[in-house]
Amino acid sequence: MKKISNILILIVLININSRVWAQETIKIEHKPAVPLKEFVDSQTVINFDFVIENKTADTLKLTKVLLRIYDKNNQLLKEKFLDNNGTAPSINMIPNKELNGVGIINIFNPFPVIPNDITEKLVYTFTFNNSISIEHTVIPKNYKQAVDFILPVKNTTLVYDGHDYNAHHRRFDYEFAPIKNFGFSTNFMRYAYDFVKVDANGKMFKTDGLQDNDWFSFGTDILAVANGTIVAVEKSKLDNKQFDMGELKNNQMELFGNYVIIQHGDKLFTVYGHMKQNSSTLKTGDKVKQGQKIGEIGTSGSAFMPHLHFEVRNTSGANAEGLPSYFSDFSILLGNTKQNIKYGTVNTGDIFISNTKK
């Protein structure tokens, strides 16, 4: 009996030492520090990242991620996981899984959908090399938009790319060395949209799309989503789908070519990017009204086609974090039918039209 007791004690000590070693050599944090609950298509979605640092010379390979979701009474609601089991393991949904010695990787939260309204706490367990496990707790919070927005375009519009799990806005990896070297440390476009005007058949251009003027979007009016104050404007960039990459270290907004930034309240800013050259007549300090024209859609900056890049963020400067956005009075077009939305958001692939009179 004594021998069995000693073995059990030894096992406990090994487990304790393993956890202590793991906590001292592997650092896990999540960004933003307080993830926001976003309500999309009758689902609650959380959009955040894990930054994992290996402080050792050892190779660490992520082999399992387990999520347990709890309510306010600490009752388990759901359990989900990705692991390396099977011929096509689900862990491969995470592109960066390996740390070869000292280094950092960014992992996009692989479980974005959570139970509506009742989720209080998310407990993730990361397992490396099939044997080293670390728990990490995330407490998301509800997001309430302080100002009513309308959509920034009036015409029939396609959400070419939003910020769902597969969207490029969602997958901005600020720990990727070339991007980090430009000074990026957050995802300012975490909740961004690319809006493209389409015709009744859903086409984006008239013929072959080789010229800007062939696109229905090019020259289309861009509207202020709410009352506010202009805090930054750029209008001189050419509509040539190019930008000065070297300038990013000095001005991260270089990505967007011509742009307008409007402040609507404390830590609430909207950004309108890739505007047509000289299409805005605004200057810093100007007051704008909801629905007022602030410019036109162009191809300046990193635009791969005429479109409006729209995002909401918590500051106009560097290292901003993206915020969700909800809009009033629009319709989602579903073939010959319309789904009227009094207040809600749009998603990648949606075709919508604004119903506001402004």
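Guide: Gladly, and please keep in mind that this is a predicted model. Let us start with Ser42, which has a relative accessible area of 55% and lies in the loop between β2 and β3 (43–46).

Visitor: Why is Ser42 called exposed?

Guide: A residue counts as exposed when its relative accessible area is over 50%, and Ser42 has 55%, so the word exposed applies to Ser42.

Visitor: Why does Asn129 count as partly exposed?

Guide: Partly exposed covers the range between buried, which is under 20%, and exposed, which is over 50%; Asn129 has 32% relative accessibility, and therefore it counts as partly exposed. Asn129 sits in the loop between β10 (121–128) and β11 (132–138).

Visitor: What makes the phi of Asn129 worth a remark?

Guide: Most residues other than glycine have a negative phi. Asn129, although not a glycine, has a positive phi of about 55°, and Ser42, also not a glycine, has a positive phi of about 65°.

Visitor: Which peptide bond is cis, and what is its omega?

Guide: The bond from Lys31 to Pro32 is cis, with omega near -5°, and Pro32 is placed in the loop between β1 (26–31) and β2 (36–40). In general, most peptide bonds are trans.

How values were computed: Residues are numbered from 1 along each chain as its sequence is written. This is a predicted model: local features need pLDDT of at least 70, side-chain atom pairs count only at pLDDT 80 or more; totals for chains, interfaces and linings use all residues. Side-chain values use heavy atoms; hydrogens and water are left out. Helices (H or I, at least four residues) and strands (E, at least two) are DSSP runs, numbered from the N terminus. Buried means under 20% relative accessible area, exposed over 50%, partly exposed in between (1.4 Å probe, protein chains only).
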